[in-house]
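Open your viewer, pick a colour scheme you like, and follow along one selection at a time.

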Amino acid sequence: MIESGHGSSRGPVSSQRRGGRVDKLIDIKNVRHAYQTQDGRLPVLDGLDISVPEGGFVAVVGPSGCGKSTLTKLIAGLMKPDEGEVWLHGKRVTSPRSTVGMAFQNPVMLEWRTILKNVMLPLEIVASKMSRREQEERARYLLALVGLEGFEDKRPSELSGGMRQRASLCRALVHQPDVLILDEPFGALDAFTREDLWQTMHQVKAKEPFTCVLITHDLRESIFLADQVVVLSQRPARTQYVLDVPDTGPRDLDHLYTPEAAEMLNILRHQIEVAQGRAPAQPEADEVPEPPPGSTAQGMV
Amino acid sequence: MTPMAYVPTPLTSAKDAAAPHARSVASFLTSRAVVAPLAAVVVFLVLWELLVRVNGWPDYVMASPSDLPPAYADYWSLFLVMGWQTLWRTVVGLVLAVIVGVLIGMVMGFSRVMREALYPLLVGFNAIPKATVVPIVALMFVGAHDFNTVLIAFMISFFPIAVSVSIGLSTLEPEYRDILRSLGASQTTIFWKIALPKTLPEFFGALKVAVTLAFIGTNLMEIVSPHGRGLGALFDSGKTNSDYPLMFAVLIALAFLGIVLYYVVVALEKIFAGWAERSPT
Ligand SMILES: Nc1ncnc2c1ncn2[C@@H]1O[C@H](COP(=O)(O)OP(=O)(O)OP(=O)(O)O)[C@@H](O)[C@H]1O
Ligand SMILES: [Mg+2]
């Protein structure tokens with residue numbers, strides 16, 4: 001069983017910021033972006049609106065190449081949108097900021113460092129009040145949390161892909177970011193490893209306060225991890241559909257085989273097909289079940 | 001701490017088997033790594049000696065290993081002085097090549113425009129056989145032996161370094177950069193923490209080539225320059241005096257120096273880029 005509540009142990013350093021819950025910790029307002037390529041302007045995002053409350057977990061799904069990775073770069077401040085605004089924690093994002101943690105599909109590890117030193121890397125960049133001892137304790141705590149206890153002094157090449165992805169997750173979290181951005185972190189893993197990592201994510205989420213945006217291709221992953229799933233349209237991407245995943249308490253893999261989950265997956269699958277232009281936007285009444293009460297459709301054609 | 005029933009517990013013990021750090025010197029000296037190459041050298045010398053004896057070659061055709069000890073005994077102090085000169089000029093030339101090569105490599109690695117602009121120039125420069133440049137340089141700065149020799153050693157060896165550094169830097173995956181960039185790290189930080197260490201294996205690969213090239217450059221100049229210095233000049237004087245055992249003795253000394261230089265680079269590589277070595281399993 002997964003314990004989603006508050007664990008008693010919180011690691012050596014726990015975050016103090018916990019006043020009222022911020023409504024829109026991440027606020028993406030009408031963002032448009034285009035790349036300049038040899039063939040001219042390539043519009044990628046076309047008026048995107050997404051907001052995530054503090055502690056929220058939003059999964060973004062959409063057809064391949066629709067602009068999901070671009071979205072993560074805009075949130076992280078690695079790029080500036082052509083139009084529209086990205087706000088984090090009430091401040092407009094114009095450049096990268098240290099309150100963000102990122103992990104990618106490719107869990108890039110610095111081969112010349114041990115796993116522990118890899119995880120500690122962000123602490124060398126971000127001005128931190130932690131002493132070296134505390135930094136190391138924090139890294140060790142996270143590694144243990146994701147099940148990598150005992151591998152601290154190994155080289156990345158000695159770890160499996162799944163283990164490296166776990167370490168990459170620790171690195172994204174080590175400096176206690178407000179915002180965690182995950183770009184298909186489990187995409188390259190086999191199904192069993194992926195499901196293990198989903199459960200690890202729930203573990204971590206129970207102990208670490210962060211607001212998460214997860215890019216994924218896996219619909220089961222999206223409803224298992226997130227409390228809201230955003231479906232993007234074909235490039236240039238707009239928000240096509242938003243599905244609220246009802247909070248049913250602690251989740252385990254069995255939840256993916258309930259009728260409710262099947263229904264949500266059906267809706268999402270249909271929305272992806274619409275996005276890909278393979279299905280009409282208005283389904284025939286008997287083909288797709290009614291959306292569950294929490295879900296809302298936005299910007300439907 | 002919550003029990004994590006579904007998190008796979010590591011199957012393999014993460015603790016290393018206790019390293020037998022007290023492996024004795026004696027067992028190292030009798031290990032295959034030492035014995036095999038030594039045996040090869042001995043066999044080689046024996047075959048060489050036999051070849052000369054069987055054919056009855058006089059020492060002006062081919063010196064034999066047994067001619068060498070007398071040659072070394074006669075010119076011992078010269079060998080030390082000349083060997084040192086050859087060594088330091090090669091090393092200075094190489095150090096310059098590393099500095100300039102890394103700088104050019106950085107410029108080309110970070111800027112696509114500079115890479116496109118400089119690459120053909122570099123390739124063209126590298127295509128010129130350096131043996132033809134040696135007499136020109138020797139004439140241009142007549143008498144400046146040290147300068148000439150270092151210059152040639154440098155010119156001949158900076159190219160592989162520049163190319164390897166530029167390729168290493170320009171092929172850095174964007175994710176590597178983004179890990180640090182998303183935290184607001186500066187370009188300099190990214191260079192020191194990621195780009196530079198990531199390039200080290202390529203750099204040392206090139207340095208192994210460069211050290212051999214620099215050594216060739218030094219010797220070319222020493223042989224060609226009139227009244228030169230270094231082992232090359234000693235070789236040249238052996239030629240002038242038809243002292244074949246001396247010439248062969250110089251060859252062996254050069255080989256020895258070359259091996260030393262090469263293994264110094266290998267040792268540096270082990271220290272600074274040993275992580276790139278994968279265990280062959
Ligand atoms: N730096 C760039 N320059 C030009 N075009 C780019 C650049 N980065 C991405 N693109 C283009 O923008 C579009 C969206 O790219 P993006 O990586 O955001 O898609 P994605 O949704 O993450 O795709 P995937 O699901 O395959 O990861 C793609 O068509 C891609 O070719
Ligand atoms: Mg992507």
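Leaving aside its neighbours within four places in sequence, which residues is A:Val60 in contact with? Keep in mind that you are looking at a predicted model. Select A:Val60 and you will find contacts with A:Ile50, A:Lys68, A:Leu71, A:Val213, A:Leu214, A:Ile215, A:Thr216, A:Val230 and A:Leu232.

Now widen the view to the largest nonpolar core, which has 98 residues. A:Val60 belongs to the trio that touches the most other members, together with A:Ile26 and B:Leu231. Next, switch to chain B and highlight helix 9, residues 187-224: with 13 residues, this helix gives the most to the core.

Time for the ligand. Show ligand 1 and the 14 residues around it; those that come nearest are A:Ser64, A:Lys68, A:Ser69, A:Thr70 and A:Arg235.

- A:Arg235, at 2.6 Å
- A:His217, at 3.1 Å
- A:Glu184, at 3.3 Å

On its own, ligand 1 has 630 Å² of accessible area, and the protein covers 63% of that. Colour strand 1 (26-37), strand 2 (40-52) and helix 1 (68-76) of chain A, the elements that each give two or more residues to the shell. Helix 1 of chain A has the largest share, three residues.

Last stop: colour the shell by residue type.

Note on methods
Residues numbered from 1 in each chain as written. Chains lettered and ligands numbered in written order. Predicted model: local features only at pLDDT ≥ 70, side-chain atom pairs only at ≥ 80, totals over all residues. Heavy atoms only, no water. Core = buried A, V, L, I, M, F, W, Y, C linked by side-chain atoms within 4.5 Å. Buried < 20%, exposed > 50% of the residue type's maximum accessible area, 1.4 Å probe, protein only. Helix = DSSP H or I, 4+ residues; strand = E, 2+ residues; numbered from the N terminus. Contact = heavy atoms within 4.5 Å. Near = heavy atom within 4 Å. Polar contact = N/O pair within 3.5 Å; in protein donor to acceptor, adjacent residues only side chain to side chain. Areas by Shrake-Rupley, 256 points an atom, 1.4 Å probe, with all protein chains shown as cover.
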